[in-house]
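Student: Hi! Could we go through this one together? I'd like to ask about a few spots as we look.
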Amino acid sequence: MALLIHAASTQWIAIFITCALSLISIAAYRLLFHPLAALPGPKLAAISRWWQIRKIIIAKPYELALHDKYGPVVRIAPNEAYNISFPMRLSPTDSHTESSTPLDKGPWYDMARYQLIRRSGGPAFTASNLKRYEPKVVEAMQRVCERLDRLKGEEVETSEWMHITVLDNILEQGHNWGDLELNVAFWRRSTVLGHLPTLRVLLNLFPMLKKYVFWVLRLPTKHSKDGIGLPAHIAPSLLGQLIHRSTSIENPSFENGQDLMEQLLAIRAKKPKFELVYARGMAGSSVAAGHDTTGSSLVSILCRICTNPDLQRRVEQECRGERMPLAYEDRPSTITSACVREAMRLQHVTNISLSRVAPRDGLHLHGYFFPEGTILGVNPTSFARNKDLFGPDADEFKPERWLSGDEDSLRTLERYSLLFGGQSRSCPGQNLARLIIGLVVPRLFRNFDIEVKVPEGGFDNFPPQFWTMLSGSKIIFVPRQDSPVGG
Ligand code: HEM
């Protein structure tokens, strides 16, 4: 018996030693012999991706600090590097990258869905087509302003009310049922699982494991049962609306379409391969990807303007003048639109690296070689603060930079914006976001005296997530007596 126990324990010791040696060999390979071994970065990150995952779980921004410490290129995981510069080809003439073809997206992405959105639904999302929805936004703002008016100067959460404002614009739903928190939880989980593709597949196969895995990873468990990035209460009614609308329109027209759903059905009538389920999926994913992103931008815009009394006064003057300025312009011509662009520059809704994969022959960048399959990413929020590109004051809020008239720096600001992602793989809903933000901001300043309180350190405490938002700020909308509500 003693002999048996002895044999068993020797066996366990052998297994333990083999496992330990294997782990040590993997760690040594990754640190010393891996093709990315020469890259600067935290040693633990070079050994295991868990270094990065932990940072995301504790929700503290870390990428800017890494660049400050290690320079423009940082190894963030065994096979992944961050870059404050250009990991993806931005345009065919871009001299900052030595890549000759656009890079594929990293494992985070579902390429099939992306390509579907771009190719089939593209015509519905052009700026010229979306112009037809301007009156709807103006009408929605009439309702929003009436609702804000009824708050009678009560202090409320900025994030909550900007979320409600966007939902009214996109969905004509005048409330969010307090579901913003579910969205924050959804994006925390998605960001972590997006970096663990194998685990994500496993959880899709065995959803009953989710609650244990979330518990182990200390991820929020609260979630919308539909789990698709939509507030829980909105998902069922949205799906119901989409199904009803998509089955009740008989002869959909693109030219005279009442809404995006009708226009997508008209596209489908001409392109039978664009199945009904795709059209519905596109309309649904547009709401899912559009409500919190646009809401997040509005929060940043209001917080930035209203914590700067001089700028706020100038914005109010413009917005209360005879002609309301359009607050989102490609080339800002007013202080209002300069403030909007500057707030969105500093607070991108993405504060995690957008990843791409090095192409077949690898890629030379910043003096390093990245072999095929290396994941390369750039964090749009860090990128916007690149001092080499945008000047030594890149991390300061200076709307005047957009009005400087300095052609070179304006072109740099325009050309190297990752606000809506990298060019050919950018956000399909950006024109809608521009339209909504451009019309919402001046209407708020025209109708209300706005006071915002941002908690200490608020602007820089932006959780590292694929979607993120300034949280904790409070807002007061005091109705102006001499202004027609919603005007
Ligand atoms: C200010 C508001 C917005 C910002 C800053 C924003 C930004 C982004 C970014 C950075 C991406 C990822 C691009 C990449 O991976 O390279 C994205 C994807 C996406 N956006 Fe937006 N977005 C906004 C509003 C909207 C709106 C209003 C819609 C809907 C009409 C929308 C629909 C989408 C969709 C469907 C995707 C996913 C594309 C994919 O599958 O890769 N977005 N957005």
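This is a predicted model: local features need pLDDT of at least 70, side-chain atom pairs count only at pLDDT 80 or more; totals for chains, interfaces and linings use all residues.

Student: Okay, where does UniProt put the "binding site" feature?

Tutor: The UniProt record, an unreviewed entry, places the feature at Cys427. Cys427 sits in the loop between helix H19 (407–415) and helix H20 (430–447).

Student: How exposed is Cys427 there?

Tutor: Cys427 is partly exposed, because 18 other C-beta atoms lie within 10 Å, and a residue needs 20 or more to be buried.

Student: And which residues is Cys427 in contact with, leaving aside neighbours within four places in sequence?

Tutor: Those are Phe420 and Gly421.

Student: New topic: strand E1. Is E1 mostly covered or mostly open?

Tutor: Strand E1, residues 73–77, is mostly covered, with 5 of its 5 residues buried.

Student: How does E1 run relative to E2, and how many bridges join them?

Tutor: The two run antiparallel, and 4 bridges join E1 to strand E2, which covers residues 80–83. A hairpin of 2 residues connects E1 to E2.

Student: Last one, Lys43. Where is that?

Tutor: Lys43 is in helix H2, residues 43–47.

Student: Is Lys43 buried or exposed, and why?

Tutor: Lys43 counts as exposed because it has 11 C-beta neighbours inside 10 Å, and the cut-off for exposed is 12 or fewer.

Student: How far is Lys43 from Arg75?

Tutor: Their C-alpha atoms are 8.9 Å apart in space, while the two residues are 32 residues apart in sequence.

Note on methods:
Residues are numbered from 1 along each chain as its sequence is written. UniProt positions are given in the numbering used here, feature names are shortened, and annotations may be inferred rather than shown by experiment. Two residues are in contact if their C-beta atoms, placed from the backbone, lie within 7 Å. Two strands pair if DSSP finds at least two bridges between them.
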